[in-house]
Amino acid sequence: MSFFQLEAQSGEARAGRIFTSHGVIETPIFMPVGTRASVKTLWQEDLEALNAQVILGNTYHLYLRPGHELIERMGGLHQFMSWPRPILTDSGGY
């Protein structure tokens, strides 16, 4: 199976599924932003109740605080965040 499966197309618009080791992401998708491994103003239960499929994190901010050593000691980003679903990280170089 491929990483992305096209489900529908209309002109240039596409809808599909992204397959990850932590779950499937149906696109198009709204991604809550958890810059420092936490989505501000929402509890974990709220994200689950909203059926958030993925959280967007910022690698640079995570590197600065809490730091990659702590995240590694906690068992990785999923364990650190207590988030079993997919996480997408960007470089944070803006």
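Two strands count as paired if DSSP finds at least two bridges between them. Helices (H or I, at least four residues) and strands (E, at least two) are DSSP runs, numbered from the N terminus. The model is predicted, with local features needing pLDDT of at least 70, side-chain atom pairs counting only at pLDDT 80 or more, and totals for chains, interfaces and linings using all residues. Residues are numbered from 1 along each chain as its sequence is written, and side-chain values use heavy atoms, with hydrogens and water left out.

**View 1. The hairpin of β1 and β2.** Strands β1 and β2 are antiparallel and share 6 bridges. Between the two strands of this hairpin lie 2 residues, and Gly11 has a positive phi near 65°. Ala8 faces Ala15 of β2 as its opposite residue.

**View 2. The hairpin of β2 and β3.** A hairpin with 2 residues between its strands is formed by β2 and β3. Strand β2 covers residues 13-20 and is joined to β3 by 5 bridges, the two running antiparallel. Arg17 is placed opposite Glu26 in β3, and Gly16 has Thr27 of β3 as its bridge partner. In a regular strand, side chains alternate between the two faces of the sheet.

**View 3. The open sheet of 3 strands.** The strand order is β1-β2-β3, and the pairing is antiparallel. β1 (4-10) and β3 (23-27) are the edge strands, each pairing on one side only. On average, neighbouring strands of this sheet are turned by 10° against each other, direction ignored; the axes are lines fitted to C-alpha atoms, for helices over the stretch in contact, and angles run from 0 to 180 degrees between N-to-C directions.

**View 4. The chain around the sheet.** There are 4 helices and 5 strands in the chain, and along the sequence they follow the pattern β-β-β-α-β-α-α-α-β. The C-alpha trace spans about 45 × 30 × 25 Å along its principal axes. Of contacts (heavy atoms within 4.5 Å) between residues at least 6 apart in sequence, 47% join residues at least 24 apart.

View 5. Of the 94 residues in the chain, 28% are buried, meaning under 20% relative accessible area with a 1.4 Å probe and protein chains only. The accessible surface (Shrake-Rupley method, 1.4 Å probe) is about 6,600 Å², and 55% of this belongs to carbon and sulfur atoms. The chain carries 7 positive and 9 negative side chains, with the centres of the two sets 5 Å apart. Lys and Arg count as positive and Asp and Glu as negative, while His and the chain ends are not counted; each charge is placed at NZ of Lys, CZ of Arg, CG of Asp or CD of Glu.

Methods: Buried means under 20% relative accessible area, exposed over 50%, partly exposed in between (1.4 Å probe, protein chains only).
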